[in-house]
Amino acid sequence: SCAGAVLVSAPTEEWPMGKDGSPLWPLCQINIAELPFIPEVIADLALIAIFIDSKEYFMGADEPNGTSWVVRTYKTLEELVQIDIPPLPPEYIPLYLEPELVGHDFDLPTPGHIPEELYNAIGFDWFFNNTDTLGGLKIGGWPISIQGNGQHWDYEDLPGDPEFVIQVDSGGVVPFGWADHGVGFFARGKTEDGKDIWYFDWECD
């Protein structure tokens with residue numbers, strides 16, 4: 001697994017390009033077998049690679065399998081080949097990752113991810129002082145909610161019944177910034193006929 005790079009692809013795949021013909025930037029490549037905990041929604045995969053259009057990503061947040069971002073998945077590592085990497089900004093070099101398992105006590109939901117009745121019963125002050133959601137590059141767990149509303153798949157009836165999979169924070173191991181200290185999120189459909197459907201959302205201060 002690595003951040004800031006995608007190193008492999010299927011033999012027939014080329015580096016994805018944006019609408020203006022420039023290469024998309026690589027966010028991360030996740031080897032599922034290296035994860036200390038594997039969420040059920042991605043348990044059938046062997047590798048995930050994510051690319052982003054640095055100029056147009058905000059245009060495709062409401063589109064499944066959008067054009068301003070690309071998620072590639074592979075069910076086996078066999079036959080994957082080294083991908084030809086186009087010229088990219090100098091900070092985009094592989095940063096190899098050592099995934100770490102974090103307990104539930106250190107990654108709790110934000111108000112946008114719990115029932116409104118429960119949040120009202122607990123109260124803002126208690127919730128703010130006693131809960132925390134991890135930032136950074138994260139697989140599974142609870143996504144951060146900067147604006148407090150959650151992601152669009154939390155309140156929209158979308159094909160595949162998507163579930164949060166990956167969080168990519170600004171200023172962390174991935175050399176990408178989402179506007180003003182923002183965060184990007186990726187979700188995958190979890191129904192049998194929705195596993196090829198991916199969703200993207202992002203928010204910032």
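Me: What does it take for two strands to pair?

Reply: Two strands pair if DSSP finds at least two bridges between them, where strands are DSSP runs of E with at least two residues, numbered from the N terminus. The model here is predicted, so local features need pLDDT of at least 70 and side-chain atom pairs count only at pLDDT 80 or more, while totals for chains, interfaces and linings use all residues. Residues are numbered from 1 along each chain as its sequence is written, and side-chain values use heavy atoms, with hydrogens and water left out.

Me: Which residue stands opposite Pro-162 in strand 10?

Reply: Strands of a sheet pair through backbone hydrogen bonds, in either a parallel or an antiparallel manner. In this case Pro-162 stands opposite Gly-189, and strand 9 (residues 162-169) is joined to strand 10 (residues 183-189) by seven bridges, the two running antiparallel.

Me: In what order do the strands of the open sheet of four lie?

Reply: The order is 8-9-10-11, with antiparallel pairing; strand 8 (138-139) and strand 11 (198-203) are the edge strands, each pairing on one side only.

Me: How many bridges link strand 4 with strand 3?

Reply: Strand 3 (residues 25-31) pairs with strand 4 in the antiparallel sense over six bridges, and Cys-28 has Ile-50 of strand 4 as its bridge partner. Strand 4 also pairs with strand 5 (residues 69-74), antiparallel and over six bridges, with Phe-51 opposite Val-70 of strand 5.

Me: Why is strand 4 largely enclosed by the rest of the structure?

Reply: Buried means under 20% relative accessible area, against over 50% for exposed and in between for partly exposed, with a 1.4 Å probe and protein chains only. Six of the six residues of strand 4 (residues 47-52) are buried, and therefore the strand is largely enclosed. Leu-47, Ala-49 and Phe-51 are buried on one side, as are Ile-48, Ile-50 and Ile-52 on the other, so that both faces are covered.
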